Amino acid sequence: MTAGMDDALKTCKVLASLTHQSTVAVELLESELDAQGINFRQLRQSVDTRWNSELDCIASVLHLKSAIISLCANEDIFSSKTISASQWKSIEGAVELLAPFKKATETWSAESIPTINIVADSLYLIHDKIDQFIETDGKNGYGVLYAKNLKSCIEKRFPLCHTGNLFSTAANYLNPALKGLHLKLFKKFQTTKEWLASQVKDNVECQPVARVLSADLFPNSKLKGKLNVRLETQESTFELNPILSEMCHYEYLPDAKKDFPILDW
């Protein structure tokens, strides 16, 4: 965490604690919000064991920005909790950057559905969000530095969007909504297929099967010609290797929607 972001977070925590411990502070906040026509929302306190709670804390402060600025300028009880212009920029940037992290951690924590199949996709979207933030003009130095540090930490924890983990890559390939889309980006597609094929070969008894792929299964008509030519060149492979035949059949099926019930599938 950068010095600017650290200072901004500390001030947000102090403000949240003040409104939870002082009835005077709460009354002043409610009065100011009423005067500005803003619905009252209690500032969220952070919990040391849950990083998401720090995001909730600074997001709640940002929501009441105009009221807090007014109170810090006019009320003694708030005067020592003033947030500088650069700190507000850091808070805005952090809320924007960390929102996809919160969504990803909540999704990965689901107990009723498998989530290993969407890890690479979630990480890719996070990286994309950070890259957009860094490239956007008008961000202050603290925000960009924080974004770059955040990106570096993610890459260190999950190199190449976690596509170095065979179980994660296999799950990405077997997700009918993705079919290894991210593996192609990181050049892990072929090695993942080979690993999956070896697992099937070692654990499942396969009989040679010649499969006929119906044109109705292809994603759209514009691709039919190209795909048919490609399939004709692989005809002998289909007959000799039923595992690759099934993989090819699967890859050419229409992509499932993201909310597809993967456990049923």
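Helices α6 and α7 pack at an angle of about 180°, with their axes 10 Å apart; helices are DSSP runs (H or I, at least four residues) numbered from the N terminus, and axes are lines fitted to C-alpha atoms over the stretch in contact, with angles running from 0 to 180 degrees between N-to-C directions. That angle makes α6 roughly antiparallel to α7, a label given to angles over 145 degrees, whereas those under 35 count as roughly parallel, 65 to 115 as roughly perpendicular and the rest as oblique. The structure is a predicted model, in which local features need pLDDT of at least 70 and side-chain atom pairs count only at pLDDT 80 or more, while totals for chains, interfaces and linings use all residues. Residues are numbered from 1 along each chain as its sequence is written, and side-chain values use heavy atoms, with hydrogens and water left out.

In the α6–α7 contact (heavy atoms within 4.5 Å), Gly93, Glu96, Leu97, Pro100, Phe101, Ala104 and Trp108 of α6 meet Val119, Ser122, Leu123, Ile126, Lys129, Ile130 and Phe133 of α7. These residues divide into ten nonpolar, two polar and two charged, where Ala, Val, Leu, Ile, Met, Phe, Trp, Tyr, Cys and Pro count as nonpolar, Asp, Glu, Lys and Arg as charged, and the others, Gly among them, as polar.

The axes of α9 (residues 166-174) and α11 (residues 189-203) come within 10 Å and cross at roughly 95°, which makes α9 roughly perpendicular to α11. From α9, the contact involves Leu166, Phe167, Thr169, Ala170, Tyr173 and Leu174, and from α11, Phe189, Thr192, Lys193, Trp195 and Leu196. By class, eight of these residues are nonpolar, two polar and one charged.

Beyond four places in sequence, Ile91 touches Ala8, Cys12, Ile58, Leu62 and Ile83.

Ala67 lies in helix α4 and, at 0% relative accessibility, counts as buried; buried means under 20% relative accessible area, exposed over 50% and partly exposed in between (1.4 Å probe, protein chains only). Neighbours within four places aside, Ala67 is in contact with Leu29, Glu32, Leu33 and Gln36.

Conventions: Helices (H or I, at least four residues) and strands (E, at least two) are DSSP runs, numbered from the N terminus.
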